[in-house]
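Please look at the sequence and the model below before reading on. The paragraphs that follow lead through the structure step by step.

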Amino acid sequence: MPMTWTGTLTRTRTRTRPAGVGGEVVALRAGGRSGSGSGALPGSARRRLGLGVVALLSAIGVALGAPAAPGVAAAPAAVSPGPGAPLPAAMADTGGGTQLITARARTLSSTTGTVQWWQRHNGRWQLRGSAPARFGAGGLAEGGSRVQGTSTTPTGLYDLPFGFGAAPAPPGTAVPYRRVGAHSWWCEDNASASYNRWVDPLPPDCAAAESERLAGYPTQYSRALVIGFNYHRPVRGRGAGIFLHVNGKGATAGCVSVPAGAMARILSWVRPSAHPHMAIGTASGATALTRY
């Protein structure tokens, strides 16, 4: 959004899968005394076999999070994608679809960064576009604990419910797109039943002083995408009206903004059938983009 309130409840999702362990552990039993001809192994062979079993059990323990046995080398840790790998390949979750928009800032206090959009094809992520981005005047904040009115952009992973704008949808737009009219508002009144919703016209229980008249921002809202922060199950006081929209004169009140040309290209590219999502985060730390 331009300089006003900003949106809420995060759909941040992080999956953690236990490491898989393959193979079998076979229990061996000596059958009789050594050299009796009963199938028992010689002492040296039993010692070598015993060490092998210990090593195998140790490797299984390391995979499950247990320390390695004394004198046995630990199994190598999983290797994360290298510097040349596409950004989505290093993320904990991308939403399960084949389209992803990433917005990354250097730190939580940053007000600028980069937006990129990615397409997964034949199991591999491909970069389809990039643009300079602006974030909230207050920087960024973890989406799950963000407070409304702080002018911070919420970090996390979100869906993209629909697009809107004062200008017509660019050619090729497939996402649902609503035209902004004279009576189109985004309700940001915590006491309203329409909190964090597009309304047209403004309902009696939604105070105009605590909401946004969308037509009042013809540049920023010439074209935009709703970011699903605090949208599906709104938490009062966390924030409302978080969008990806066209740049204004400076930092936003919590939205992410890009140049007009980039916004048009993104709207033309997004496909509902691809289940697109947007991930917002920092380059490192607890709010790193790769943690979402």
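Why does Thr94 count as buried? The relative accessibility of Thr94 is 11%, and therefore Thr94 counts as buried; the term buried means under 20% relative accessible area, exposed means over 50%, and partly exposed lies in between, with a 1.4 Å probe and protein chains only. Thr94 is placed in the loop between α1 (43-63) and β1. When neighbours within four places in sequence are left aside, Thr94 is in contact with Pro88, Leu100, Trp125, Leu157 and His277, where contact means heavy atoms within 4.5 Å.

Some conventions apply throughout. The model is predicted, so that local features need pLDDT of at least 70 and side-chain atom pairs count only at pLDDT 80 or more, while totals for chains, interfaces and linings use all residues. Residues are numbered from 1 along each chain as its sequence is written, and side-chain values use heavy atoms, with hydrogens and water left out.

The protein chain contains 2 helices and 14 strands; these are DSSP runs numbered from the N terminus, with helices (H or I) of at least four residues and strands (E) of at least two. Of its 292 residues, 42% count as buried. Among contacts between residues at least 6 apart in sequence, 66% join residues at least 24 apart.

β1 pairs with strand β2 (residues 112-121) in the antiparallel sense over 7 bridges, and two strands pair if DSSP finds at least two bridges between them. A hairpin of 6 residues joins β1 to β2, and Thr102 stands opposite Gln116 in β2. β1 also pairs with β14, here in the parallel sense over 6 bridges; Arg104 stands opposite Gly281 in β14.

Thr290 lies in the segment after β14 (277-282). Its relative accessibility is 31%, and therefore Thr290 counts as partly exposed. Apart from neighbours within four places in sequence, Thr290 is in contact with Leu87, Ala90, Met91 and Ala92. The C-alpha atoms of Thr290 and Ala89 are separated by 8.8 Å, although these residues are 201 residues apart along the chain.

The aromatic residues come next. A pair of aromatic rings is described by the distance of the centres and the angle of the planes. Rings of Phe, Tyr and Trp (its six-membered ring) pair if their centres lie within 6.5 Å; planes under 30 degrees apart count as stacked, over 60 as edge-to-face and the rest as tilted. By this rule there are 10 aromatic pairs. The ring centres of Phe164 and Trp198 are 5.8 Å apart and their planes stand at 70 degrees, so this pair is edge-to-face. Phe164 lies in strand β6 (residues 163-165) and Trp198 in strand β9 (residues 197-199), so the pair ties together parts that are 34 residues apart in sequence. Both Phe164 and Trp198 are buried.

Trp186 and Phe243 form an edge-to-face pair, with 4.9 Å from centre to centre and 80 degrees between the planes. Trp186 is in strand β8 (residues 185-187) and Phe243 in strand β12 (residues 243-246), 57 residues apart. Both Trp186 and Phe243 are buried. Ring pairs link Phe162, Phe164, Trp186, Trp198, Tyr217, Tyr221, Tyr231 and Phe243 into a cluster. The charged end of Arg178 sits over the ring of Phe162, 3.9 Å from its centre; a charge sits over a ring if NZ of Lys or CZ of Arg is within 6 Å of the ring centre and within 35 degrees of the ring normal.
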